Amino acid sequence: MAAQKIYVLNGPNLNLLGAREPEVYGRATLTDIEDACRMEAKEAGLLLEFRQTNAEHEMVGWLHEARTEASGLVINPAAFSYAGYAILDALKMLTCSVIEVHISNIHRREAGWRSKSILTQVVTGIVSGLGVKGYPLAVRHLAQSLAVAA
Ligand code: CA2
């Protein structure tokens, strides 16, 4: 049987992680996060797709792909969290577990709009405020859930 695959998808501006606002997001880059997720997936014998896009239509396409290809999905939707209705609809079509990750704790952010993700209502779980460590933790959770179900 082919190895199962976890998708880790990142929304707008996260390609610049480590370059701005280190007091909120830390100094790790997206490549550092990818490395941490790969280690976690490898340990569990899972394949990993790690991607970032600034375009909503591209994210929607990846979510359609994940419907048939992913055994679990981690998404940091970034600003799509607040107005990404096409992403909300695409997430609803997934049957695998979906973990929404935010590096910062969006519930204690300064601007009111930033604390309410419209996507949380359709995901399995959310990790917010644990820094970049939230990503490998989410991958580990998905791996453990898959192992229990097998
Ligand atoms: O805390 C998170 O992970 C966020 O999803 C990050 C998003 C932000 O819109 C959410 O409110 C919370 C993206 C932040 C902007 O991108 C940056 C990239 C590099 C450095 C600083 C910000």
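1. What pattern does the protein follow, read along the sequence? The order is β-α-α-β-α-β-α-α-β-β-α. That comes to six helices and five strands. Please keep in mind that this is a predicted model.

2. On overall dimensions, the C-alpha trace spans about 45 × 30 × 25 Å along its principal axes. The radius of gyration is 14 Å. A compact globule with 150 residues would have a value near 15 Å, so the protein agrees with that expectation.

3. Take the contacts with a separation of 6 or more. Of these, 79% come from residues 24 or more positions apart.

4. Two packed helices are described by the angle between their axes and the distance between the axes. Here the pair is H2 (residues 30–43) and H6 (residues 134–149). They pack at an angle of about 20°, and their axes are 9 Å apart. Angles under 35 degrees count as roughly parallel, so H2 is roughly parallel to H6. The crossing of H2 past H6 is right-handed.

5. Which residues make this contact? H2 contributes Ile33, Ala36, Cys37, Glu40 and Ala41. From H6 come Tyr135, Pro136, Val139 and Arg140. By class, the contact of H2 with H6 has seven nonpolar and two charged residues, with no polar ones. Glu40 of H2 and Arg140 of H6 are the charged residues.

How values were computed:
Residues are numbered from 1 along each chain as its sequence is written. This is a predicted model: local features need pLDDT of at least 70, side-chain atom pairs count only at pLDDT 80 or more; totals for chains, interfaces and linings use all residues. Side-chain values use heavy atoms; hydrogens and water are left out. Axes are lines fitted to C-alpha atoms, for helices over the stretch in contact, and angles run from 0 to 180 degrees between N-to-C directions. Helices (H or I, at least four residues) and strands (E, at least two) are DSSP runs, numbered from the N terminus. Angles under 35 degrees count as roughly parallel, over 145 as roughly antiparallel, 65 to 115 as roughly perpendicular and the rest as oblique. A crossing is left-handed if the near helix is turned anticlockwise from the far one by less than a right angle, and right-handed if clockwise. Contact means heavy atoms within 4.5 Å. The radius of gyration is taken over C-alpha atoms; the globule rule is 2.2 Å times the number of residues to the power 0.38.
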